[in-house]
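Visitor: I have a structure open on my screen. Could you show me how to read its features?

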Amino acid sequence: MSETELTMEPSEEFLFQHKGIYFHPNFATPEYIDSLEDFEIRDSDVFVVTYPKSGTVWTQNILSLIYHEGHRDGTENMEIIDRVPWLEYNIHNIDNVHRPSPRLFTTHLPYYLVPRDLRNRRGKVIYVARNPKDVVVSYFHFSNFSVKFETIPDFNIFLERFLAGKVLPGFWLDHVRGWYTHSDDFNILFLTYEEMKKDLRGTVLKICKFLGKQLNEKELDTVVENATFDKMKTDPRANYESMLDDLLERGKGHFLRKGCTARSIEDFNLRDTAKGLLENSNPYVEGEEL
């Protein structure tokens with residue numbers, strides 16, 4: 001499809017809508033999403049919940065490093081997508097029902113589509129939010145080198161879709177505000193991408209306290225060192241590079257791109273374009289803290 005033929009409606013080749021949310025047709029079905037309502041949650045389960053491009057892989061790695069000594073010391077060669085698999089996208093057909101505890105999960109689902117037990121304060125949720133001006137820029141770049149997303153070369157068109165909630169999984173503000181306003185239904189810890197960048201060690205300690213995990217100083221140092229962006233970018237277990245042909249166009253980009261707020265002139269320009277349109281509905285701009 002040419003740039004001039006792009007419309008506000010996403011292509012059915014890349015997205016389908018179910019219960020007000022967009023999903024990828026290659027990895028999920030409406031029937032499977034509906035079945036998650038009755039998925040049995042254990043008290044020891046931990047869920048990473050994010051809107052896309054908000055620190056998902058980063059938080060997956062932190063959790064894996066906290067829970068798995070074999071990840072910390074490099075003795076176990078298991079990819080992060082298998083250590084902290086997706087709930088709604090069971091890409092590797094993992095038997096989640098019979099996985100040993102504690103089970104770690106990842107999801108982009110809104111609060112109302114996660115399993116009923118999770119909404120009744122079973123298990124734990126770590127929700128990570130990121131400034132939407134950085135989210136939309138990162139999402140735009142990612143969509144243009146991922147073979148699983150519709151290519152939209154014009155940032156203004158992508159931004160219009162983003163603001164209309166016509167991207168996976170939907171509108172950024174609905175996702176963040178939905179989880180935040182229904183926090184009493186969950187055993188939940190809210191974090192922001194920005195505080196993780198500012199104080200990674202402090203963030204790891206906060207997560208450990210929330211999870212009731214005790215790490216000695218050496219273990220803590222190892223988690224922090226291996227959870228840095230530079231370390232993750234070179235660790236094939238941590239950066240989804242093993243799925244390159246399935247997710248990304250080879251030679252065009254990496255799953256972990258920059259891991260920062262806007263740096264390049266291009267990103268500053270894109271961020272500035274998004275700024276005015278997002279300010280009226282952005283808790284970061286309004287000063288609301290999660």
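**Reading the helices and the sheet**

Guide: Gladly, beginning where helix H11 starts: there, a side-chain oxygen of Asn216 comes to within 3.1 Å of the backbone nitrogen of Lys218. This is a predicted model, where local features need pLDDT of at least 70, side-chain atom pairs count only at pLDDT 80 or more, and totals for chains, interfaces and linings use all residues. Residues are numbered from 1 along each chain as its sequence is written, and side-chain values use heavy atoms, leaving out hydrogens and water.

Visitor: Which residues of helix H11 are buried?

Guide: Buried means under 20% relative accessible area (1.4 Å probe, protein chains only). In H11, residues 217-226, these are Leu220, Val223, Val224 and Asn226. They pack against helix H2 (56-67), helix H3 (69-72), H10 and helix H12 (229-233).

Visitor: In what order do the four strands of the open sheet lie?

Guide: Strands are DSSP runs of E, at least two residues, and helices are runs of H or I, at least four, numbered from the N terminus. Two strands pair if DSSP finds at least two bridges between them. Here the order is S4-S3-S5-S6, with parallel pairing. Strand S4 (104-107) and strand S6 (188-192) are at the edges with a single partner strand each, so one side of each has no neighbour in the sheet.

Visitor: How many bridges join S5 and S6?

Guide: Five, in the parallel sense, with S5 spanning residues 124-129. Tyr127 stands opposite Phe190 in S6.

Note on methods. Buried < 20%, exposed > 50% of the residue type's maximum accessible area, 1.4 Å probe, protein only. Contact = heavy atoms within 4.5 Å. Polar contact = N/O pair within 3.5 Å; in protein donor to acceptor, adjacent residues only side chain to side chain.
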